[in-house]
Amino acid sequence: MLAIIAAVPIILTIILTVGFNIPAKKVLPISWAVCAVIGLTYWGMDVQHVVAYTVTGFLGSIDTLLIIFGAILLMNMLNEAGAMRRIESMFNGITEDSRIQIVIVGFAFAAFIEGAAGFGTPPAICAPLLIGLGAPPMAAAISCLLLDSVPVSFGAAGTPTNAAAEVLKDTLPAMGVLDLDVWKQDLSFASALGLAVGSFVIIWLVIGIICKQYGKKKSFSDVFPIIPFCLFTATVFSVLYLAFAKFVGAELTSLAAAAVTIFATIGAAKAGFLMPKEVWRFPGMEKKAAESKAAAQVQSQTRSMSLFKAWIPYLLVTLWLVATRIPQLGIKPFMGLPKISISGIMGIEGADFTLKWLNNPGLFPFIFVVIIGFAMFSLNSTQIKKVVSKSYNQVFGATIALLFGFAMVYLFRYSNVNINGFDSMLVSMAKGMADLAGAHYIYVAPLIGSIGAFMFGSNTVSNIMFTPLQFETATILNLPHLIIVALQNQGGAIGNMVCINNIVATCATTGIIGAEGKLLRAAVLPWLVFYIICVVVMVAAMTMGLV
């Protein structure tokens, strides 16, 4: 009963966004209110705790809002300067086939950004780039949201996987694990297995969905000619992905695999290797260059701009993220030192807020690079004001949704502070699912990880919250701990597809605020397919003794 009652706000969110297509900025305040009422009444929380954790949630959204604003600001600055059109011409120079562009930009390039930064950064960067190449905003949003799943467990230099291991460091010795680093390495490889195999399906499946919904012929079969190229991309990525997970560790798994895949796919496309005979474009792309006189003027301005200059902002972003996220370079420990902290909001223990501003991608490098870009591209005060004003207006619509989304998450997480002695709503839901699954828990474990990602917008937070529960459940049911924790990690990664906060953020960066329900519906089938793949692969790996 506790699990069912705790799930009411989530069920309500799904019904209103998916069933009635109501924008998240209207739904999430309602869902938060329902969550607060349940906390105050059935759970027995007091008003002070509910208000304190709500305020903490509001503050917690600042990190994400800064990333969204910074990414939008960067895109608008590049557009105003004409650099985006020069970059678009480069990708069109590689291939004019929109399907191949999605593979290179939406998967390979996005995986590199995920490996370096994580936390919702890839769609913020890659979706606007695909739009610039001619993709409809919804198609770009779907592509980048769904394809940013394979690299997620090793995003931000392996943060989700390392977090899962760290929360167990006091528990593992009792299970006979004396070397945390070795166990972490084993977890990295086990987590990578299901995701690597899934890449062989998810890339062409997503593009097939795009062809079906947004192609001229509205036919899924338009993906068939590029399946060989998709499999080539998946092979290059997965071989390196598994090798780094097995022998190097979580920090470089996605980053290194994606970097090589970018060069391999661009090289293959330029050489015509496994390329389709007929070029496939989104409707209207043929006339894109002649849409308006203004577009022609911008194009003429960018002819004199070198490709290197157009890419400098992206290069600066990438170099900053790589330098500050890879532990081996020695800079990462210093990034979290400058911070703004508030402890014990309203006198409540645990109601804390910390903003590590130097480590926030929205501030550094996005906004920092934008400031450099203003000078480098010689934008005048009117252009700068236009860029800032446009960016502010774009992000405003997502602010309400993210504020209340985070507030609801904090209520779920800290509802264990109650007079009835109940576990938190979050733990109650997970335990209820575990009790129902019993010996079949291995099939449920990734679902709990996905629920965590759906609610928190982060595989890292999902792992921090649910890994101890998953580990304890594995002990009770006598299941392999490594397999269950790996499934939790994989579930959090594929949960990135259906995470409401990521959906809101992606809609904001692509200018389709209010279409959250459509995006969520589009994610259901790929999520289900990937879920099944992860379970099947892990059961097979366990049977064959691979992990």
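Helices (H or I, at least four residues) and strands (E, at least two) are DSSP runs, numbered from the N terminus. The model described here is predicted, so that local features need pLDDT of at least 70 and side-chain atom pairs count only at pLDDT 80 or more, while totals for chains, interfaces and linings use all residues. Residues are numbered from 1 along each chain as its sequence is written, and side-chain values use heavy atoms, with hydrogens and water left out.

By that assignment the chain holds 24 helices and 2 strands. Its radius of gyration is 23 Å, close to the 24 Å that the globule rule gives for 547 residues, and the chain is therefore as compact as a globular protein of that length; the radius is taken over C-alpha atoms, and the rule is 2.2 Å times the number of residues to the power 0.38. Along the principal axes, the C-alpha atoms fill a box of roughly 70 × 55 × 50 Å.

Of the 547 residues in the chain, 58% are buried, where buried means under 20% relative accessible area, exposed over 50%, and partly exposed in between (1.4 Å probe, protein chains only). Among contacts (heavy atoms within 4.5 Å) between residues at least 6 apart in sequence, 79% join residues at least 24 apart. The accessible surface, from the Shrake-Rupley method with a 1.4 Å probe, comes to about 20800 Å², and 67% of this surface belongs to carbon and sulfur atoms. The chain carries 31 positive and 24 negative side chains, and the centres of these two sets lie 14 Å apart; Lys and Arg count as positive and Asp and Glu as negative, with His and the chain ends not counted, and the place of a charge is taken as NZ of Lys, CZ of Arg, CG of Asp or CD of Glu.

The cysteines can be taken next. A disulfide is counted as a pair of cysteine sulfur atoms within 2.5 Å, and by this rule the count comes to 0 disulfides. For cysteine 126 the closest cysteine sulfur is that of cysteine 144, at 5.3 Å, which is too far for a bond; cysteine 126 is buried, with a relative accessible area of 0%. Cysteine 211 is likewise in no disulfide, the nearest cysteine sulfur, in cysteine 230, being 9.4 Å away, and cysteine 211 is buried at a relative accessible area of 0%.

Serine 343 lies in the loop between strand S1 (340-342) and strand S2 (353-355), and its relative accessibility of 61% makes it exposed. Leaving aside residues up to four places away in sequence, serine 343 touches Ala351 and Asp352. From alanine 196, serine 343 is 147 residues away in sequence and 41 Å away in space, C-alpha to C-alpha.

The backbone also deserves attention. Most residues other than glycine have a negative phi, and most peptide bonds are trans. The peptide bond from phenylalanine 364 to proline 365, however, is cis, with omega near 20 degrees, and proline 365 belongs to helix H17 (residues 362-376). In the loop between H17 and helix H18 (381-414) sits serine 378, a residue other than glycine whose phi is positive, near 55 degrees, and which counts as exposed at 59% relative accessibility. Leucine 274, also not a glycine, has a positive phi of about 60 degrees; leucine 274 is found in the loop between helix H13 (253-271) and helix H14 (293-302), and is partly exposed, with a relative accessible area of 33%.
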